[in-house]
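Take a look at the model below.

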Amino acid sequence: MNFTELKQAVIYAHKNSPLYQKVFDGIGTENLNSIEDFQNLPFSDKHTLREVYPLGLQAVPDEDVVRIHSSSGTTGNPVIIPYTKQDVEDWAEMFSWCYKTAGVHSSDRVQIMVGYGLWTAGAGFQRGCETLGATAVPTGPGNTEKQFQMMIDLKSTVICSTSSYALLIAEEAARRNVKDKLNLRIGIMGSERFGDLMRSRISSELGIEIFDIYGLTEIYGPGIAIDCSKHEGMHWRDDFMYFEIIDPVTGKNLPDGESGELVITTLKKQAAPLIRYRTHDITRIIPNKCSCGSPYPMIDRILGRTDDMIKVKGVNIYPGQIEDVLRDIDGATSEYQIHINHVQGKDVLTLIVESKSGYAGLAKTIIKVFKAKIGITIECECVPVGTLPRSEKKSKRVFDNRD
Ligand code: ZN
């Protein structure tokens, strides 16, 4: 990492963005000398951006802005992000690199099944595809009939969608018995968290290799990180962004390898530079290089949101971490519940796991692996498959019985 570049990004934001003139008021950003100084700068997040709605973070004159995107704010004002021509080109370059990293070539036909509009998905996938030189088939989401017609008649080779929409398409492909008519080979899925079962279902029904893509509207949009064919993590472009992982409770930086909240600083963004922006996404920086040989560093799949975090015996735990533990254990399934109780002055975490039959001693194994990977001792109870309640929506898995 080039510290001078990071410092320049901070000074640029301080000088040009009304938002950062407020955030850095009284801070001598010119005097930053080390990464430790940088790590003492205040964070910003969605709330900070909402406070300056609509364009209080714009750091360039209006005539330099060529596009506006917005996040879909479910509560309060949406966040409005302006882009200069260079910002749009930078994002397109990164996105085109994402496609390339996933093995997409100029001869591919890319069916883009994500939403077009104010949000960043459609525009990002489209521009990235065209920058690569592949053919975009911008069907947008929905209209399954049309999706199949285009996939079959145009012989689309790549689909881009959310994982839930991909699952719907996969199930529909099975129902229509059209697998032989499809020419798909790659699926690029937005990084909403989805289990391995769903992943392998989509992959086998559609005959595709799945790549996780990451991004958020505030930082360009999707297409800022993606996994490669080794699937060891998602590479990100450290020439465009600086990534940190912090403890979401204390705000302290965590060493590489430890899970926490992803915080992003943009290094080149002109219209809406962001410094130490809290994503509320939980992941970790993977400390080693990818076996693909790429010079770009990696983050892990997103483990969840900071809102889902539970703190037990002083350790932050995310449901995604528990899924990761169970995934690697023979006999365990992905169905589980966590019960936390306070007994005689101590936190006790009991993990109830549905297990396949014929795996005696599974609970012991889970306790051991949990301790090794997450760092705390738990109690574990294995129950037969089908015992825990199922829900159409997101199942409730965490029962915190402490006050
Ligand atoms: Zn790689």
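Domain 1 and domain 2 bury about 780 Å² between them. Of that area, 46% lies on carbon and sulfur atoms. The size of an interface is often given as the accessible area lost when the parts come together. Keep in mind that this is a predicted model.

Where are the two domains in the chain? Domain 1 covers 84–305, and domain 2 covers 310–400. Their C-alpha centres lie 29 Å apart. Ten residues from domain 1 and seven residues from domain 2 make the contact.

Which residues of domain 1 lose the most area to domain 2? They are R193, D196 and L303. Together they account for 49% of what the domain 1 side buries.

**Links across the interface**

Two residue pairs are in polar contact between domain 1 and domain 2. The side of domain 1 that touches domain 2 has four charged residues, along with four nonpolar and two polar ones.

**The zinc site**

The model also holds a zinc ion. Four residues coordinate the zinc ion, at 2.1 to 2.3 Å.

| Residue | Donor atom | Range for the site |
|---|---|---|
| C228 | SG | 2.1 to 2.3 Å |
| H235 | NE2 | 2.1 to 2.3 Å |
| C290 | SG | 2.1 to 2.3 Å |
| C292 | SG | 2.1 to 2.3 Å |

What is the geometry of the site of the zinc ion? It is tetrahedral, with angles of 102 to 115° among the four donor atoms. Along the chain, the donors of the zinc ion follow the spacing C-x6-H-x54-C-x1-C.

Technical notes:
Residues are numbered from 1 along each chain as its sequence is written. This is a predicted model: local features need pLDDT of at least 70, side-chain atom pairs count only at pLDDT 80 or more; totals for chains, interfaces and linings use all residues. Side-chain values use heavy atoms; hydrogens and water are left out. Domain bounds come from an automatic or database domain assignment. Contact means heavy atoms within 4.5 Å. Buried area is the accessible area (1.4 Å probe) that two parts lose on being put together, summed over both. A polar contact is a pair of N or O atoms within 3.5 Å; within protein, one must be able to donate a hydrogen and the other to accept it, and residues adjacent in sequence count only if both atoms are side-chain atoms. Ala, Val, Leu, Ile, Met, Phe, Trp, Tyr, Cys and Pro count as nonpolar, Asp, Glu, Lys and Arg as charged, and the others, Gly among them, as polar. Donors are N, O and S atoms within 2.8 Å of the metal (3.2 Å for Na, K and Ca); water is not among the atoms, so sites may look incomplete. Four donors count as tetrahedral if all angles lie between 85 and 135 degrees; four count as square planar and six as octahedral if opposite donors are over 155 degrees apart and all others between 65 and 115; anything else is irregular.
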